[in-house]
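Please look over the sequence and the model before reading on.

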Amino acid sequence: MSVPDMGIFQRRPSGPEFAPQPTRPRVPPNQSVTTSFPTLTVEQIPSVDMNNFTFRFWGEVREPTGMTWQQLMAVKHTTMTADFHCVTGFSMLGTEWGGALVRDVLEAAHVQLSTSARFVMAHCITEFTTNLPLDALLADDTMLVWEWNRLPLTNEHGGPLRLLVPSLYAWKDAKWVSGFEFLAEDRPGYWESRGYHMHGDPWKEERYG
């Protein structure tokens, strides 16, 4: 049965394009499974005033826009169980995250992408940035999260708001994320400009460029 064309925010029946394929092992190569959640960050942990918080959308869009924290909290809530693979070599399996699918957030914010949009740069309250293919951002399991294991996401793990891209290494899960800049051409973010891979597929061990 054919699926009607609903634009870029349509849920793909085959699942996210960058999701692990059924033939792949659950744990990527050279990863060790842990039940702890280590705190790894290159920056000082910021304090975020959610009363003055705005999540911004700009770049290759018809019109730049933004959402307040209150508007973001009004987006359809999603709870998802996902695995988490850090480039340093540890994997957490079956962790529960709560927040909103990025596709739902973009739809709620009435973001209209230009036809030239192919990539996105995630920006944070700090100076951290990371780049993603647009398809990875729009995948059915990519989320903006503010809960971990049914509790508010703590500051040291990226709270109040973190990007979650389960199909890529976790450095792509930008902590303290504050906006998406849509790009026509790919460009490196913080770690990518320091030698990390531009894509970051754990099953291909795309750790470094």
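Which residues have the most contacts inside the largest nonpolar core? They are Phe57, Leu137, Leu144, Leu161, Leu163, Phe180 and Phe182, in a core of 37 residues. The sections below set out the basis of the model and then return to this core.

## Basis and confidence

This is a predicted model, in which local features need pLDDT of at least 70 and side-chain atom pairs count only at pLDDT 80 or more, while totals for chains, interfaces and linings use all residues. Residues are numbered from 1 along each chain as its sequence is written, and side-chain values use heavy atoms, with hydrogens and water left out.

The pLDDT is the predictor's confidence in each residue, from 0 to 100. The protein chain averages 89, and 89% of the residues score at least 70. Over residues 1-20 the pLDDT is below 50, and this stretch has 35 contacts in the model beyond near neighbours in sequence; a contact means heavy atoms within 4.5 Å.

## Nonpolar cores

A nonpolar core is a set of buried Ala, Val, Leu, Ile, Met, Phe, Trp, Tyr and Cys residues joined through side-chain atoms within 4.5 Å. Buried means under 20% relative accessible area, exposed means over 50%, and partly exposed lies in between (1.4 Å probe, protein chains only). Helices (H or I, at least four residues) and strands (E, at least two) are DSSP runs, numbered from the N terminus.

The largest core, with its 37 residues, receives two or more residues from each of β2 (54-59), α1 (69-73), α2 (102-108), β6 (119-124), α3 (134-137), β8 (143-148) and β11. When neighbours within four places in sequence are set aside, Leu137 is in contact with Val102, Val120, Leu132, Thr142, Leu163, Phe180 and Phe182. A second, separate core has 14 residues, including Met80, Ala82, Phe90 and Leu153.

## Sheet and hairpin

Strands of a sheet pair through backbone hydrogen bonds, either parallel or antiparallel. Here, two strands pair if DSSP finds at least two bridges between them. Five strands form an open sheet in the order β3-β2-β11-β6-β7, with mixed pairing. Its edge strands, β3 (65-68) and β7 (129-133), each pair on one side only. Strands β6 and β7 run antiparallel and are joined by five bridges; Ala122 has Thr130 in β7 as its bridge partner.

Elsewhere, β4 and β5 form a hairpin with four residues between them, and Gly89 in the turn has a positive phi of about 120 degrees. Seven bridges join β4 to the antiparallel strand β5 (residues 90-101), and Met80 stands opposite Trp97 in β5. Strand β4 (residues 78-85) is largely enclosed by the rest of the structure, because six of its eight residues are buried.

## Salt bridges

Side chains of opposite charge can pair when their charged atoms come close. A salt bridge is a side-chain nitrogen of Lys or Arg within 4 Å of a carboxyl oxygen of Asp or Glu, and the structure holds seven.

One of them joins Arg24 to Asp201, with the closest N and O atoms 3.3 Å apart. Arg24 lies in the segment before β1 (32-33) and Asp201 in the segment after β11 (177-183), so the pair links distant parts of the chain, 177 residues apart. Arg24 counts as partly exposed at 24% relative accessibility, whereas Asp201, at 5%, counts as buried. Lys172 forms another salt bridge, with Glu192, at 2.7 Å between the closest N and O atoms; both Lys172 and Glu192 are buried.
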